[in-house]
Amino acid sequence: MKYLVSPGQPSQVSTPLLIGSLATVRSSISNAAARATLQAATRDFKDQAGDTLLVNLPDGGIEQVLIAGGCDVGLNTTQYRKAIQAVASVLATAKVQSAVWTLHSTRVDGGDVYWRVSNGLTAISLATYVYHRHKSTPAPAQPLRRVTVLCDDRSKDSCARAVNENNALGSGLALARDLGNEPPNVCNPTWLLGEARKLGTLDKVTVSALDEKKMRELGMGSFLSVSHGSESPGKLIIVQYKGGKRGDAPVALIGKGITFDTGGISLKPGPGMDEMKFDMCGAASVLGATRAAAEAKLPINIVTLVAAAENMPSGRATRPGDIVRSMSGKTIEILNTDAEGRLVLCDAITYSRRFKPRVVIDVATLTGACVIALGAHASGLFSNDDDLANALLASGDWSGDRAWRMPVWDDYQTQLKSNFADMANVGGREAGSVVAACFLQRFAEDLKWAHLDIAGTAYHSGPRKGSSGRPVPALFRYLVTASGRA
Ligand code: BES
Ligand code: MN
Ligand code: ZN
């Protein structure tokens, strides 16, 4: 989708589709026949947030109107989201190539013009995404190509900024979702590296990687214990974006990139195992956020690390009881090979130290326990730094891609006790997502660190099965604010 901004009045536009509130739409139609059609069509319209009405108009500059219910009165942010999401899902099935958007004229308590346009356009990006790479007869392409935001003198700077940022965010979201949806016989660590390398064509972006030999030299025994059972070698992918000042400490983003998680020797049960292709959605989201930041030319430095490996059972696979030595020097007794995410992430966190990051944020489909705790509505947020945690929470609220903070108190650390190594990689049934975060915290130590457990939010199951693109909107918003632009 391409977003544009244009000055003008709704009453003067000519477009295949005008999106607006009931009053906006009424005031923009002057042709008598069209007014009569509109009058008849809207007679029973309830006009509540979430209601929509698509009306075909006879001969005029505006061929169709899409009316967003509730948008002539003041709304709160939740109602406004409901209204724009309903509009976006109608747009996803509309038959037009371009449309004009005016819904930022709605008054929203706690949402200025920039917020209203930003969230409106993100809703459109999310709803109009399609993935049919592997269909033998591809579904017809999404007809809608362009959405123009109609602005006036007062709103034009805010609108332009929201438009530019959403062109970048839309592109990052599509990347994250495409990578997540790719089947695991295609998306292995080497393929993921190839996709990451494509980011190198963007301004100020460089891409490199550590292969298994290099990781062995660095002592990443924990990471390597995961990829050991697989025919596909693991990769630590490094994407650097240098949009900030030289010498400015970078934000480090780390993504869990398990391209398929069978559980290893601690094999997972069969039903639903296909969804473990989504176990690289953390990696997909940090690559997507990095692409968005680079396309938006944010004045910030970012180091993105992707811990890419496949977790397979085989004659070479790690056994429960094996002890490995991580890059930090800490030893780990692997009691369950299905707790592999933390094993690749801990070495990536240690490796991130060489970039002297201002903060480290890891993103991972880490635990089933997080799905039980928070469901699909919020990502789990864990952090040893209140300012970082609050900034991420605020970014999630702002973008509608919310997280909820969970504790990482030392009280939980006892669950990771091992009789044979410095720690075990699992700690029983209680507080599974917290214990996993506490494991990572042992490697973060003095770093300003946050961990997002996206096991419940990164993808949809059931009939809507597919990558959601979360938490790219929250990460992008965080990067916009951290760059000093917000
Ligand atoms: N990738 C899974 C976590 C997961 C589960 C993501 C369900 C999405 C949906 C992770 O590697 C895993 O298997 N975690 C184990 C940890 C346990 C062995 C301590 C889990 O959650 O069961
Ligand atoms: Mn697992
Ligand atoms: Zn996993």
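Modeller: The model is predicted. Let us begin with helix 5 (residues 156-181) and helix 14 (residues 472-482), whose axes lie 10 Å apart and which pack at an angle of about 135°.

Colleague: Which residues of helix 5 and helix 14 meet?

Modeller: Helix 5 contributes R161, E165, L169, G172, L173 and A176, and these meet V472, P473, F476 and V480 of helix 14. Sorted by class, this contact comprises seven nonpolar residues, one polar residue and two charged residues.

Colleague: How does one find the empty space in a model?

Modeller: A probe the size of a water molecule is rolled over the atoms, and this shows where empty space is left. In this structure, the largest pocket holds about 1400 Å³ of space. It is lined by 44 residues, of which L126, H460, R464, S468 and R470 are the closest to its centre.

Colleague: Which elements give two or more residues to the lining of the largest pocket?

Modeller: They are helix 3 (77-91), helix 4 (113-128), helix 5, helix 12 (386-399), strand 20 (459-460) and strand 21 (466-467). Helix 3 supplies the largest share of the lining, with eight residues.

Colleague: How many residues of the lining are nonpolar, polar and charged?

Modeller: The lining of the largest pocket has 14 nonpolar, 19 polar and eleven charged residues.

Methods:
Residues are numbered from 1 along each chain as its sequence is written. Chains are lettered from A and ligands numbered from 1 in the order in which they are written. This is a predicted model: local features need pLDDT of at least 70, side-chain atom pairs count only at pLDDT 80 or more; totals for chains, interfaces and linings use all residues. Side-chain values use heavy atoms; hydrogens and water are left out. Axes are lines fitted to C-alpha atoms, for helices over the stretch in contact, and angles run from 0 to 180 degrees between N-to-C directions. Helices (H or I, at least four residues) and strands (E, at least two) are DSSP runs, numbered from the N terminus. Contact means heavy atoms within 4.5 Å. Ala, Val, Leu, Ile, Met, Phe, Trp, Tyr, Cys and Pro count as nonpolar, Asp, Glu, Lys and Arg as charged, and the others, Gly among them, as polar. On a 1 Å grid over the protein atoms alone, a cavity is a set of points where a 1.4 Å probe fits but cannot get out, and a pocket is an open set with protein on both sides within 12 Å along at least five of seven lines; lining residues have an atom within 4 Å of a point. Grid points are joined across faces, edges and corners, and a volume is the space filled by probe spheres set on the points.
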